[in-house]
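Walk through this two-chain model with the coordinates open beside you.

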Amino acid sequence: MQKLGIEVISISVDSVFVHKMWNEYELSKMVNGNIPFPMGSDQDGTVGKKYGIYDEDSGVETRGRFIIDPDGIVQGFEVLTPPVGRNINEIIRQIKAFQLVRESKGSEVTPAGWKPGKTTLKPNPELVGNVWKEWTVDEVDK
Amino acid sequence: MPEEFKAGCQRPKIEKEEVKESKVEENQIIKEDNFNMIKVGKPAPDFTIPAFHQGKFVDLSLSEFKGKWVLLCFYPGDFTFV
């Protein structure tokens with residue numbers, strides 16, 4: 001993530017002290033060193049409520065993740081209930097796509113199934129009705 | 001840069017919006033309901049929270065990350081998977 005120029009912030013309702021223990025006892029064994037990103041503590045769910053992912057019934061935050069661009073604009077989000085984990089590769093793919101679009105200042109867009117290195121589309125009046133010449137459905141599976 | 005704070009029994013600094021309950025109670029509730037909707041293409045709500053980072057306890061604000069791509073991840077609890 002750091003290589004991609006992405007700053008990660010994790011947040012749960014646990015205290016910073018529990019974050020410290022979790023880092024020491026478990027996470028440091030998974031990643032071989034300290035967790036590189038800040039682990040935020042939102043004990044009363046204030047931030048979770050702002051982002052609409054705080055579950056009042058269980059008092060915890062659901063698996064919400066938000067991609068925020070350098071201007072502080074939310075570009076995408078996904079929220080899952082606790083039992084299902086995220087797909088990190090999909091998150092990275094989306095961020096790379098948003099970075100490409102931003103770098104091209106919107107002159108390029110990434111069609112369905114786009115991965116780094118694959119065809120982008122350059123929106124212009126001639127493209128209308130001609131996407132089929134530039135992009136085929138089987139690109140989605142490649 | 002985030003400001004470090006000492007471990008101890010102090011209460012975490014949490015910035016909250018003041019809720020003026022006494023005057024316009026009903027309007028306030030409606031406003032809060034609308035506020036729950038995050039929209040793509042719209043600004044991410046700022047916050048300041050205590051955080052654990054590289055062995056230190058710090059106060060962290062989203063606004064410090066302006067100019068950078070941020071992946072903000074919420075999860076149910078420590079010692080679960082993320």
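R65(A) is buried, at a relative accessible area of 1%. Here buried means under 20% relative accessible area, exposed means over 50%, and partly exposed lies in between (1.4 Å probe, protein chains only). The model is predicted: local features need pLDDT of at least 70, side-chain atom pairs count only at pLDDT 80 or more, and totals for chains, interfaces and linings use all residues. Residues are numbered from 1 along each chain as its sequence is written, chains are lettered from A and ligands numbered from 1 in the order in which they are written, and side-chain values use heavy atoms, with hydrogens and water left out.

What does R65(A) meet in a salt bridge? Its side chain meets that of E78(A), at 3.7 Å from N to O. A salt bridge here is a side-chain nitrogen of Lys or Arg within 4 Å of a carboxyl oxygen of Asp or Glu. R65(A) lies in strand β5 of chain A and E78(A) in strand β6 of chain A, so the pair ties together parts that are 13 residues apart in sequence. E78(A) is partly exposed, with a relative accessible area of 27%. Helices (H or I, at least four residues) and strands (E, at least two) are DSSP runs, numbered from the N terminus.

β5 (residues 63–68) and β6 (residues 74–80) of chain A run antiparallel over 6 bridges. Two strands count as paired if DSSP finds at least two bridges between them. I67(A) has G76(A) as its bridge partner in β6(A). The hairpin has 5 residues between the strands, and G72(A) there takes a positive phi near 80°.

D71(A) and R102(A) meet through their side chains in a salt bridge of 3.2 Å, N to O. This pair links distant parts of the chain: R102(A) is in helix α3 of chain A and D71(A) in the loop between β5 and β6 of chain A, 31 residues apart. Both ends are partly exposed, R102(A) at 35% and D71(A) at 48% relative accessibility. Shared partners join D69(A), D71(A) and R102(A) into one salt-bridge network.

Another pair sits within a helix. K20(A) bridges to E24(A), with the closest N and O atoms 2.8 Å apart. The two are 4 residues apart in helix α1 (residues 16–31) of chain A, about one helical turn. Over all chains, the whole structure holds 5 salt bridges.

Now step back to the sheet. How many strands does the open sheet have? It has 8, in the order β6(A)-β5(A)-β4(B)-β1(A)-β2(A)-β2(B)-β3(B)-β1(B), with mixed pairing. β6 of chain A and β1 (3–4) of chain B stand at the edges, each with a single partner strand, so one side of each is left without a neighbour in the sheet. Strands of a sheet pair through backbone hydrogen bonds, either parallel or antiparallel.

β1 (residues 6–12) of chain A pairs in the parallel sense with β4(B) over 6 bridges. I6(A) stands opposite W69(B) there. β2 (residues 39–41) of chain A runs antiparallel to β2(B), joined by 2 bridges.

S10(A), in strand β1 of chain A, is buried at 4%. Leaving aside neighbours within four places in sequence, S10(A) is in contact (heavy atoms within 4.5 Å) with residues including G40(A), C73(B) and Y75(B).

Chain B itself has 1 helix and 4 strands, in the pattern β-α-β-β-β along the sequence. Of its 82 residues, 34% count as buried.

The interface takes 47 residues from chain B and 66 from chain A. About 5,200 Å² is buried between them, 65% of it on carbon and sulfur atoms. Buried area is the accessible area (1.4 Å probe) that two parts lose on being put together, summed over both. W69(B), L71(B) and F74(B) supply 20% of the area that chain B buries against chain A, more than any other three residues.
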